[in-house]
Amino acid sequence: MKRTLSTYEVAGALMADNNAAWSRAGAYGLAEYLEELERESATEMEMDVCAIRCDFTEYASATLAARAYGNDYSASLYNEDDTENENAVEQTEAYCLEWLQKRTQVIKFDGGLIIQNF
């Protein structure tokens, strides 16, 4: 017997996982991504919050995600406290987003992004 979960139920289950730190927006973005993946593949998925937590990580920015994977390109461009050089910050974020998209799945949402761990 299977039960189909709504987007809200999937997001709620993700946020209820005490071993993960999904934001509300991140959990909903990930839930929508998983639903779309299920639709595109025409294969039913089983809800496994542990596997999802191990496969995906949420970051506040592409720059922070890229740094977590050893891309320190951003460190040479600007200091995070440098609010005067907004153009460098935007360029770095765009570069890091492109760098990540070449290597893994990136799920953007308002307030950050989630990447599939690689």
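**Reading a cysteine and a sheet**

Reader: Is C96 buried or exposed, and what is its relative accessible area?

Author: In this predicted model, C96 has a relative accessible area of 0%. Buried means under 20%, so C96 is buried.

Reader: How many disulfides does the structure hold?

Author: A disulfide is a covalent bond between the sulfur atoms of two cysteines. The structure holds zero of them. Take C54, for which the nearest cysteine sulfur, belonging to C50, is 4.4 Å away; a disulfide would need the two sulfur atoms within 2.5 Å, and C54 is in no disulfide.

Reader: In what order do the strands form the sheet, and is the pairing parallel or antiparallel?

Author: Strands of a sheet pair through backbone hydrogen bonds, and the pairing can be either parallel or antiparallel. Here three strands form an open sheet, ordered β1-β3-β2, with antiparallel pairing. Because β1 (56-59) and β2 (106-109) each have a single partner strand, they stand at the edges, and one side of each is left without a neighbour in the sheet. On average, neighbouring strands of this sheet are turned by 20 degrees against each other, direction ignored.

Reader: Over how many bridges do β2 and β3 pair, and which residue in β3 does V106 stand opposite?

Author: β2 pairs with β3 (residues 112-116) over four bridges, in the antiparallel sense, and V106 stands opposite I115 in β3.

Reader: Which strands do helices α2 and α6 lie across?

Author: Helix α2 (residues 24-41) lies across β1, β2 and β3, and runs at about 130 degrees to β2. Helix α6 (residues 86-101) lies across β2 and β3, running at about 140 degrees to β2.

Technical notes: Residues numbered from 1 in each chain as written. Predicted model: local features only at pLDDT ≥ 70, side-chain atom pairs only at ≥ 80, totals over all residues. Heavy atoms only, no water. Buried < 20%, exposed > 50% of the residue type's maximum accessible area, 1.4 Å probe, protein only. Pairing = 2+ DSSP bridges. Helix = DSSP H or I, 4+ residues; strand = E, 2+ residues; numbered from the N terminus. Axes fitted to C-alpha atoms, helices over the stretch in contact; angles between N-to-C directions. Contact = heavy atoms within 4.5 Å.
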